[in-house]
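Please look at the sequence and the structure before reading on.

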Amino acid sequence: TSRHQLEQLNYFSNVTMNSTLDSRVLSSLLIAAEKKIFHQSFDPNNAQEFYQSLARSYYAYGQEDNVGENSVLLSSALLEIDSIIKALLFAAKEGWDTNAFCSYARSCSMSNDQIKVIENFWDKESRQIRTSIYERSRWRSSFSYLSWRLDVKVMSKDSNDINEPVALFELRTKPSSLASSNSAIQNKDTSSSACFEMDRSELEGLIQSLRDVEMKL
């Protein structure tokens with residue numbers, strides 16, 4: 001992850017998750033929080049407006065008072081939301097699997113129904129969350145697209161190469177999310193491409209190199 005993101009996540013080194021929400025509402029809140037903090041723009045040090053929108057959406061459920069207009073309820077809701085979001089970010093940072101997250105929630109004295117919600121949520125979303133964190137934290141370009149076609153040489157300095165089949169490739173890369181969001185390159189096409197040809201022996205060498213890479217991953 002990037003240094004900036006690590007600094008943000010290190011803010012959550014001491015986390016205690018708690019919630020008074022029933023399981024159905026907690027599930028909805030987790031999904032809404034995940035969408036914002038992992039797939040959109042989120043700064044944990046400047047998130048009060050987002051917290052308040054969650055409080056008004058989910059903590060007024062089943063209550064006569066409007067939580068947005070009741071300072072005591074609002075304050076309590078904001079503390080709970082803060083603990084939930086910190087827990088999500090901390091779990092993502094530490095690479096928790098579902099068992100680890102459920103054990104953590106159990107240690108925070110969450111109910112069995114709430115723990116079941118967390119289990120289902122993390123089972124479905126943890127892989128995508130980790131992918132999102134990775135994509136948002138790298139600066140280097142990544143693979144985007146590969147096209148190819150076969151051709152036959154009709155002209156060559158070496159007469160032995162004539163009528164030999166070759167593969168023509170176009171390889172495209174795309175900029176990282178961080179690079180794309182850099183104000184200096186916004187509104188510019190920062191993707192790149194390369195076109196090249198390979199004969200059978202060259203292609204076999206490339207395939208073997210890729211297999212070697214695969215074995216190391």
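## The model

The structure described here is a predicted model.

## The nonpolar core

The largest nonpolar core has 42 residues. Among these, Met-17, Ile-85, Leu-88 and Phe-101 touch the most other members. Several helices contribute to this core: H2 (23–39), H3 (48–58), H4 (71–94), H5 (98–107) and H6 each supply at least two residues. Helix H4 gives the most, with 12 residues.

What does Phe-101 touch, when residues up to four places away in sequence are not counted? Its contacts are Met-17, Ala-87, Leu-88, Ala-91, Trp-96, Ile-118 and Trp-122. Two of the names in that list, Met-17 and Leu-88, also belong to the group of core residues that touch the most other members.

## Phe-121 in helix H6

Phe-121 is found in helix H6, which covers residues 112–137. Is Phe-121 buried or exposed? Phe-121 counts as buried because its relative accessibility is 7%, and the cut-off for buried is under 20%.

Residues up to four places away in sequence aside, Phe-121 touches Leu-30, Ile-31, Glu-34, Leu-88, Ser-126 and Ile-129. Leu-88 is also one of the residues that Phe-101 touches. A separate value concerns Ser-27: Phe-121 and Ser-27 are 94 residues apart in sequence, but their C-alpha atoms are 7.3 Å apart in space.

## Ser-147 in strand E1

Ser-147 is placed in strand E1, which spans residues 142–152. Its relative accessible area is 19%, so Ser-147 is buried; the limit for this class is under 20%.

Which residues are in contact with Ser-147, leaving aside its neighbours within four places in sequence? They are Leu-168, Phe-169 and Glu-170.

## Salt bridges

How many salt bridges does the model have? The count comes to 4. One of them joins Asp-82 and Lys-86, with the closest N and O atoms 3.1 Å apart. Both residues lie in helix H4, 4 residues apart, which is about one turn of the helix. Lys-86 is buried, as its relative accessible area is 16%.

Another salt bridge is formed by the side chains of Asp-151 and Arg-149, at 3.6 Å from N to O. Asp-151 is partly exposed, with a relative accessible area of 31%, and Arg-149 also counts as partly exposed, at 49%. Glu-170 has a relative accessible area of 21% and is partly exposed. Arg-172 is partly exposed too, with a value of 36%.

Why does Phe-143 count as exposed? Phe-143 is exposed because its relative accessible area is 53%, and the cut-off for exposed is over 50%.

Note on methods: Residues numbered from 1 in each chain as written. Predicted model: local features only at pLDDT ≥ 70, side-chain atom pairs only at ≥ 80, totals over all residues. Heavy atoms only, no water. Buried < 20%, exposed > 50% of the residue type's maximum accessible area, 1.4 Å probe, protein only. Contact = heavy atoms within 4.5 Å. Core = buried A, V, L, I, M, F, W, Y, C linked by side-chain atoms within 4.5 Å.
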